[in-house]
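Have the sequence and the 3D view side by side.

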Amino acid sequence: MSGLSPWTWIATGLLVSLTSIAIGDRMILFAWIGLAFLAIGVAKLVFVTITTAQKSPLDIPKEKGTVLCTRCYRQTRADYNFCGICGAQLRKTY
Ligand SMILES: [Zn+2]
């Protein structure tokens with residue numbers, strides 16, 4: 001998932017819609033644009049929550065001598081300091 005974070009969309013949407021409402025009737029189009037941003041942000045948030053839940057380390061069986069990378073959620077050697085797949089630094093949790 002690349003690009004803007006869901007909270008950026010939600011914050012932008014809130015800002016645009018609240019500003020246009022404060023200015024008045026002529027800005028009603030911007031209120032709808034703000035709401036659209038808000039909707040995109042919420043949709044992204046739901047999507048991220050679902051995909052993150054599916055990648056939960058608890059759901060993936062772990063082989064002995066391996067750890068799950070905290071970034072790419074793949075199994076990599078437990079004695080490595082960095083993930084062999086994506087290069088992320090591994091946190092020792094055991
Ligand atoms: Zn990785």
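Start at valine 67, which has 21 C-beta neighbours inside 10 Å and therefore counts as buried, since 20 or more is the cut-off. The model is predicted, so keep that in mind throughout. Valine 67 sits in strand β1. Which residues does valine 67 contact, leaving aside its neighbours within four places in sequence? They are Thr76, Ala78 and Leu90. Valine 67 also lies 6.2 Å from arginine 77, C-alpha to C-alpha, although ten residues separate the two along the chain.

Now step back to the whole chain. It holds two helices and two strands. Their order along the sequence is α-α-β-β. The chain has 94 residues, and 13% of them count as buried. Valine 67 is one of the buried residues. Take the contacts between residues at least 6 apart in sequence: 23% of these join residues at least 24 apart.

Which residues of α1 are buried? They are Trp9, Gly13, Val16, Ser17 and Ser20. These cover an arc of only 90 degrees around the axis, which means that they lie on the same side of α1. The spacing has a simple basis. An α-helix has 3.6 residues a turn, so residues three or four places apart point the same way. Turn to the other side of α1, and you find Trp7, Leu18 and Ala22 exposed. Just after the helix comes glycine 24, with a positive phi of about 135 degrees.

Helix α2 covers residues 28–54. Between α2 and β1 runs a loop, and glycine 65 is found there. Is glycine 65 buried or exposed? It has 9 C-beta neighbours inside 10 Å, so it counts as exposed. Its C-alpha atom is 7.7 Å from that of aspartate 79, a residue 14 places away along the chain.

Move on to the loop between β1 (66–68) and β2 (75–77), where tyrosine 73 is placed. Most residues other than glycine have a negative phi. Tyrosine 73 has 17 other C-beta atoms within 10 Å, so it is partly exposed.

Arginine 71 is in the loop between β1 and β2 as well. With 13 C-beta neighbours inside 10 Å, arginine 71 counts as partly exposed. Leave aside its neighbours within four places in sequence, and arginine 71 is in contact with Cys83, Cys86 and Ala88. Glutamine 89 is 18 residues from arginine 71 in sequence, yet 8.7 Å away in space, C-alpha to C-alpha.

Finish in the segment after β2, where glycine 87 is placed. Glycine 87 has 10 other C-beta atoms within 10 Å, so it is exposed. It is 18 residues from cysteine 69 in sequence, and 9.2 Å from it in space, C-alpha to C-alpha.

Note on methods
Residues numbered from 1 in each chain as written. Predicted model: local features only at pLDDT ≥ 70, side-chain atom pairs only at ≥ 80, totals over all residues. Helix = DSSP H or I, 4+ residues; strand = E, 2+ residues; numbered from the N terminus. Buried ≥ 20, exposed ≤ 12 C-beta atoms within 10 Å, placed from the backbone. Contact = placed C-beta atoms within 7 Å. Arc of directions from axis to C-beta.
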